[in-house]
Amino acid sequence: MTDTPHAAFGPRYASALADAAMWHHGQVRKGSDIPYVSHVLSVSAFLLEDGADEDEAIAGLLHDSIEDANVTVSELVARYGQRVADIVAACTDDWSGDPHHKSAWWPRKVQHIAHVTGAAADADLGIARVTAADKLANLRSTLDAGDPGVFSRFKAGIGGFTWYQQTFGGLLVQRLGSESLLSRRLSMALRELGELVSMERTRLGGAVGELGAKFAEVAVPEGSGPYSPWPWFVLDAVHRTGGAMPTTDVIATCWQSWFGASMPDGLSLGLR
Ligand SMILES: [Mn+2]
């Protein structure tokens, strides 16, 4: 081994590997029996291949520890220092520590995007890098499943997943620039997602456009920031029915998963 900066990877990284394995022990990837630790190992590997420093590679291993393993920020500060803790905190979009009582999906994601791509993240490119590696790992495992049925795993279905990945991923690709391997990989995966989704749209047929027209006049819910959920919400609803025009019940179910609330009483879309 030569004396490169990476030779500095040592006891701290080894300790983070052990912590990641232990903290996520017994957890599996959504909709599978793959041990969860595989995800954080992928994230850290993508970071190492992009020339990340030790803090970033460690943050990659631990990026889901607050959200999914109830680890606290102060514990991370004590074990790995402030910078690792700051990056992991920035990767966390849900602080409830309770998977059954997360805040509503749509406003939580809108806020998370603003936070991770905003001023806080400008100070440390590590935040964008670790988030990009997380997005890439999630995208790859979704795309490699090779089955559009995979999208039913996600709370907001194919539409929500696609909006989130394309919006967030697009901002991260820009932030990291094309000299970053991670950014190029993410950009390729996003292109692949775009192709898959456009094939799905074609397969689903006219109902997507018809339902979209019904939503043209509907006000966007509070907490939407600069985004309109409707094109994606509509895609999710029609995907759930396999291409048939969704009933009011289907829309109400989607509404609940996206916005964590009941559909407004006055909303009449003229559906069955
Ligand atoms: Mn993750």
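From the N terminus on, the elements of this chain run α-α-α-α-α-α-α-α-α-α-α-α-α-α, which amounts to 14 helices and 0 strands, where helices (H or I, at least four residues) and strands (E, at least two) are DSSP runs numbered from the N terminus. Please keep in mind that this is a predicted model, in which local features need pLDDT of at least 70 and side-chain atom pairs count only at pLDDT 80 or more, while totals for chains, interfaces and linings use all residues. Residues are numbered from 1 along each chain as its sequence is written.

Let me turn to the overall form. Taken along the principal axes, the box that the C-alpha atoms fill is roughly 70 × 40 × 35 Å. Of the 272 residues, 36% count as buried, and a residue is buried if 20 or more other C-beta atoms, placed from the backbone, lie within 10 Å of its own.

Next come the domains, whose bounds come from an automatic or database domain assignment. That assignment gives domain 1 (5-204) and domain 2 (207-259), and their C-alpha centres lie 26 Å apart. The contact between them takes 20 residues from domain 1 and 20 residues from domain 2, where two residues are in contact if their C-beta atoms, placed from the backbone, lie within 7 Å. On the side of domain 1 that touches domain 2, the elements that give two or more residues are helix H7 (105-117), helix H10 (157-176) and helix H11 (181-204), and the largest share, 7 residues, comes from H10.

The axes of H7 and H10 come within 11 Å and cross at roughly 5°, with axes being lines fitted to C-alpha atoms, for helices over the stretch in contact, and angles running from 0 to 180 degrees between N-to-C directions. That makes H7 roughly parallel to H10, a description that covers angles under 35 degrees. On H7 the contact is made by Trp105, Lys109, Ile113 and Thr117, and on H10 by Gly160, Tyr164, Thr167, Phe168, Leu171 and Arg175.

Methods. Parallel < 35°, antiparallel > 145°, perpendicular 65-115°, else oblique. Buried ≥ 20, exposed ≤ 12 C-beta atoms within 10 Å, placed from the backbone.
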